[in-house]
Amino acid sequence: ELLGGSKPKVKIYLPIDVPFNLDAEFMQGGAEVELGGLWLTNVDLQFLQGGGAVEFGTPLQQPADSVAISFTQGGGAIEGIGNASPAELDVSFSMGGGYIDLRGLWQRDADITIDQSMGGVSLQLPSDVVLRGIGRFDTEETAEAGENVPVLRFSTSSHFGELEYLQ
């Protein structure tokens, strides 16, 4: 049905026991992407002219080297990014608001870059990690002797909108 309100759907199933890079672009429509449990080395997702949701519902087979997700002309949400435990995380929102849930099983330190313009973004902060570079939300190391607590280092920019931190 061309004008009858059909909702086209594409489901793609990926192997969980093979390491691979995931590079995908979604244009002019929404997408819901569940990546939990996969063996992703690098992730690059772009949502153009449509909203999107990305979830890491369970930890990846191995921590990802990098995760980059951008939302342009549409809002977006990222859930459980800690379950990907990327060494580098780069998220951008342009002309649309968003939500980033940084909770999950962080297994190593991370450099996190968040760029936001023309729309507000809420950032759900994790516990059980050390936070650096977000001002009053920075935390002190509280690990017991011999316990390795991941350190998340932030670089953020916000233009024509607000970056809100949630604890």
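I began at Glu25, which stands opposite Gln46 in S3. The model is predicted: local features need pLDDT of at least 70, side-chain atom pairs count only at pLDDT 80 or more, and totals for chains, interfaces and linings use all residues. Residues are numbered from 1 along each chain as its sequence is written, and side-chain values use heavy atoms, with hydrogens and water left out.

**Strand pairing.** I looked up the partners next. Strand S1 (residues 20-27) pairs with strand S3 (residues 40-48) in the parallel sense, over seven bridges. S3 also pairs with strand S5 (residues 66-72), again parallel and over seven bridges. There, Asn42 stands opposite Ser66 in S5. Pairing requires at least two DSSP bridges between two strands. I noted that side chains in a regular strand alternate between the two faces of the sheet.

**Whole chain.** I found zero helices and 13 strands. Both are DSSP runs numbered from the N terminus: helices are H or I with at least four residues, strands are E with at least two.

**Size.** The C-alpha trace spans about 65 × 45 × 20 Å along its principal axes.

**Burial.** I read that 38% of the 167 residues count as buried, meaning under 20% relative accessible area with a 1.4 Å probe, protein chains only.

How values were computed
Buried means under 20% relative accessible area, exposed over 50%, partly exposed in between (1.4 Å probe, protein chains only).
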